[in-house]
Amino acid sequence: MGNSFVFLIDLNGKEIFGNEIKVKEEGDRTLVITYDHYDEYLFQKQEKSFDLPLNANMDAVSAVSHNGTLLVTVNKVNRRRIRERTIKITKVES
């Protein structure tokens with residue numbers, strides 16, 4: 001098992017940089033990648049999302065665009081460092 005999760009996204013052979021591509025976190029564990037795709041006649045907004053497991057370190061995400069592909073890497077955290085918490089349940093009287 002590696003030290004990171006790796007996603008390779010085909011950008012249809014286009015070099016996409018700057019404001020044309022965004023990698024962001026939604027909620028606690030969802031990684032969302034959006035990019036604009038242009039061709040001669042058409043503009044399309046593409047979106048891909050990935051639900052990540054608990055051991056994904058959402059503070060350690062990197063992305064590199066090269067030769068029409070996007071490589072996104074999310075580091076894993078040590079299982080012992082995963083935050084756990086107990087939720088107190090309140091009883092409601094009728």
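Buried residues, meaning those under 20% relative accessible area with a 1.4 Å probe and protein chains only, make up 30% of the 94 residues in the chain. The model is predicted: local features need pLDDT of at least 70, side-chain atom pairs count only at pLDDT 80 or more, and totals for chains, interfaces and linings use all residues. Residues are numbered from 1 along each chain as its sequence is written, and side-chain values use heavy atoms, with hydrogens and water left out. The chain contains 0 helices and 6 strands.

**Overall make-up**

- Along the sequence, the elements follow the pattern β-β-β-β-β-β; strands are DSSP runs of E with at least two residues, helices are runs of H or I with at least four, and both are numbered from the N terminus.
- The accessible surface of the chain is about 7500 Å², and 47% of that surface belongs to carbon and sulfur atoms; such areas come from the Shrake-Rupley method with a 1.4 Å probe, and for residues only the protein chains shown count as cover.
- Of the contacts in the chain with a separation of 6 or more, 50% are between residues 24 or more positions apart, where contact means heavy atoms within 4.5 Å.

**Sheet β2-β3-β4**

- This open sheet has 3 strands in the order β2-β3-β4, with antiparallel pairing; two strands pair if DSSP finds at least two bridges between them.
- Its edge strands, each pairing on one side only, are β2 (21–26) and β4 (43–51).
- From one strand to the next, the twist averages 20 degrees; the axes are lines fitted to C-alpha atoms, for helices over the stretch in contact, and angles run from 0 to 180 degrees between N-to-C directions.
- Strand β3 covers residues 30–38 and pairs with β2 in the antiparallel sense over 6 bridges.
- Between these two strands, I21 stands opposite Y35 in β3, and E25 has L31 of β3 as its bridge partner.
- The hairpin of β2 and β3 has 3 residues between the strands, and G27 takes a positive phi near 65 degrees there.

**Sheet β1-β6-β5**

- A further open sheet of 3 strands runs in the order β1-β6-β5, again with antiparallel pairing.
- The edge strands here are β1 (4–10) and β5 (56–66), each of which pairs on one side only.
- Neighbouring strands of this sheet are turned by 15 degrees against each other on average, direction ignored.
- Strand β6 (residues 69–76) and β1 pair in the antiparallel sense over 7 bridges, and L70 in β6 is the bridge partner of I9.

**Core and packing**

- The largest nonpolar core has 14 residues, and those with the most contacts inside it are F7, I9, L52, L70, V72 and V74; such a core is a set of buried Ala, Val, Leu, Ile, Met, Phe, Trp, Tyr and Cys residues joined through side-chain atoms within 4.5 Å.
- The elements that give two or more residues to this core are β1, β3, β5 and β6.
- Leaving aside residues up to four places away in sequence, I9 touches I33, Y35, K48, F50, G68, T69, L70 and V72.

**Aromatic pair**

- The count comes to 1 aromatic pair, under the rule that rings of Phe, Tyr and Trp (its six-membered ring) pair if their centres lie within 6.5 Å, with planes under 30 degrees apart counted as stacked, over 60 as edge-to-face and the rest as tilted.
- F7 and F50 form this pair, which is tilted, at 4.4 Å centre to centre with 40 degrees between the planes.
- Because F7 lies in strand β1 and F50 in strand β4, the pair ties together parts that are 43 residues apart in sequence.
- F7 is buried, with a relative accessible area of 15%, whereas F50 counts as partly exposed at 22% relative accessibility; partly exposed lies between the buried limit and the exposed class, which is over 50%.
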